[in-house]
Amino acid sequence: MMARIFFACFATVVFAVSAAFAAETTLGADAQLQWMVRRPGPLAVNIAGKREGFELDAAASDAPKRIYRRPQNREQFVAVTVTPRGNGIDVGYETSPGLAIDSVRVLEDAMLITADEKGYILVPCREGLLIPADSGVAFTRGFGTYDYEGCHMAMIGLVRNGEATLVTWDDPYIAAEIKSVLPDPAKGINQQTLTTSIIMRKSAKSIRITSLGKGDWLTIAKAYREIAKEKGLLVTWDQKLKENPHRAAFFGASNYKLWSCLSRRMNPESTKELSSRVNWTFDEVGQIAEHLKNDLKLDDVHFIIGGWIRRGYDNQHPDILPAAPECGGNEGLAAAAKRVRACGYIFDLHDNYQDMYKDSPSWDEQYLQKTPDGKPARGGAWAGGTAWLTCSQKALELAKRPQNLEAVKKLTDADCYFIDTTYAAGLQECFDPKHPLTKIDDLKWKSALSDYARSVFGMFGSECGREWAIPHADYFEGLTGVSGTYYHSLKPAEMGATVVPLFEMVYRDCIAMYGKYGYDINRAGAYVIHHVSIGRTLNYHSVPSHIYWKNIPPSSSPGFYVQSRDGWTAGMHPMDCFVKNTHEILSPLNKITAQMQMSGYEFLTADRLVRRSVFGEGAAAVETIVNGRREDFVARTAAAVEVVLPSDGFVVSSLTYVAFCAKSFNGLKYDTASLFTIRSLDGKPIAESARVRVFHGFGDPRVKIGNTEHRVEKETILQK
Ligand SMILES: [Zn+2]
């Protein structure tokens, strides 16, 4: 079976690699390699902020090398090269000596995919985006390497007529731009088309395009996983647990975050306090952990607090200790840490080394990142006023001061540390002559900051997550979703796109991942089943303040997973109902699949709203089916059990763990959705297990396991 790379262009081809050229590659003589890197027209080169069109010098060019000359000075040129390599080609460029350019579009509107070809592009933005060529939506959008909601892996995937192509690169100064054009008969465009442009800046000089033959997103993820391994990015839990076995505490752990203990708001100049509020004292922090452990019976929790630092979060960084006196000071924080850790939870503290405020005692412009004109780089407008960005090299210096991480470790013995924005913000540049940074330097210093925090605490995580951080971290907060949905500012609908968990398929067994920010638990059905489909636990970041469960609000109409009727959480606080129900579903699912690869992912309906995932292989494989439609979906599990899934319902099936929220399961019909989880406690298949735990979340208390019907109000252990 010979791979084919076959892309057409809008009109006349100016750069077609000949059949003779194809024969030189391993594609073989029968492969029809017709690679068009350019539309007719000049090569777009940006010089001193201005776009110029370099013109092809046909006489000086040959098949693997095309010379484009600068019209105003024909001595100056950019040479675009195509080099065969394995099952594909490298596309790169070089400039004539002395020609300084800002950027070049080495590919422009290339790699054309049409609606008729059932084609799509995969962009690794958070979990991943599937952008189909038949969406009926026109757009142009750029994805910078490692940028906020850019390409979070250095690749994109393309599928056309069932044939998969992988585009990869090494340099963060590359951006991919995807363009969708709707039919326009006047321009000779008969159907919707997707094209890709590749823009290279600074050190970026080439990309690799590899033909993978017949395949889809799994083929592309699998091929990229091999590349990630070669690059040293694929550091799996096996390796991470060898360094520190305690990291296994992340398997099955829900991310429970008190955001934030002290909320204090300053004016933009950081000179005047506008408001100050204690949401939780450190004593209340301890009480909440004990509530989760003793009342909700949660065993695996990744417990994080924000706003513990001296003036509240997003205030006066990097001066963090003593802990906020309003909440109980150092003594209170140390006592809270002890209580959280006594529950067996991962105790984690949220800190920041990218932002600095004008009222910080350590304020000094020497630490700040500088813009090209030498001015301090301004960050966001946060609670503490206007933030100014530190240079990542200086951030490490600040974190290493004895009064920072080391002092926190000594005070709390925290298991883990979180340094905000480290992975979320796109790679930065600094123009301070004393500590200049390229994006590549920034990556190096941010990795060093992660490694340092990990050496002090043993475990480390940061915001969002990027593949470059995989070897330096234990968890990402924000990769799986934001604010109860998939993205922050990116709107998949504007690209006619669907989420596909590409990042999961490549790096699942390397890192714990969560969503970030708070959300409305009463409108979280889609968010919950998204996490079922990727086998990840949830982030709980909208915890009501103080000892919230002592004041139960009057019940209105609870959201789908906030229900408690006739179940375990009947009569409890809505937050607790939601946390308990979803933790019971997701924690065991994540625990048994954390070290498995995602081996299958498919859409069971044309609208892509019903999804089936498979983790692992053979007898140990775990399957999930989720229904994102408004109407019911009748699913059949791999074990041939018929399940009627309501909107936002799901089923998990495997030999040792089964869970569902369904209107019918194993021949037993329910009037309304019923939530159950069924778990073997001795590792044997449920059918043979001597101890099977059954948890009932809500709805009809009857459940049929094998041929036997049971009645379980809250939970029980079935013994043999
Ligand atoms: Zn710097």
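Before the first stop, here is how elements are named: helices (H or I, at least four residues) and strands (E, at least two) are DSSP runs, numbered from the N terminus. The expected span of a helix is 1.5 Å times one less than its number of residues. You are looking at a predicted model, where local features need pLDDT of at least 70, side-chain atom pairs count only at pLDDT 80 or more, and totals for chains, interfaces and linings use all residues. Residues are numbered from 1 along each chain as its sequence is written.

**Stop 1: a helix with a kink**

Select residues 574–593, which make up helix α11. Its 20 residues reach 28 Å from the first C-alpha to the last, close to the 28 Å expected. Now look around H583: a kink of about 35° is centred there. (The bend at a residue is the angle between axes fitted to the seven residues ending there and the seven starting there.)

Is α11 mostly covered or mostly open? Mostly covered: 19 of its 20 residues are buried. Buried means that 20 or more other C-beta atoms lie within 10 Å of a residue's own; exposed means 12 or fewer, and partly exposed is in between, with C-beta atoms placed from the backbone.

Next, click on E584 and K297. They sit 287 residues apart along the chain, yet their C-alpha atoms are separated by 9.9 Å. K297 belongs to the loop between α4 (282–294) and β18 (301–305). It counts as partly exposed because it has 13 C-beta neighbours inside 10 Å.

**Stop 2: the open sheet**

Colour the strands and follow the order β27-β25-β24-β23-β19-β18-β15-β28: these eight form an open sheet with parallel pairing. The edges are β27 (512–516) and β28 (539–540), each with a single partner strand, so one side of each has no neighbour in the sheet. Zoom in on β15 (residues 254–258), which pairs with β28 over two bridges. Two strands count as paired if DSSP finds at least two bridges between them. Here N255 stands opposite N539 in β28.

**Stop 3: an enclosed strand**

Select β13, residues 193–201. Eight of its nine residues are buried, so this strand is largely enclosed by the rest of the structure. Show β6 (residues 103–114) too: it pairs with β13 in the antiparallel sense over seven bridges, with V104 opposite M200. V181 has T193 as its bridge partner in β13.

**Stop 4: a helix and its cover**

Go to α8, residues 439–457. Just after the helix, G458 takes a positive phi of about 95°.

**Stop 5**
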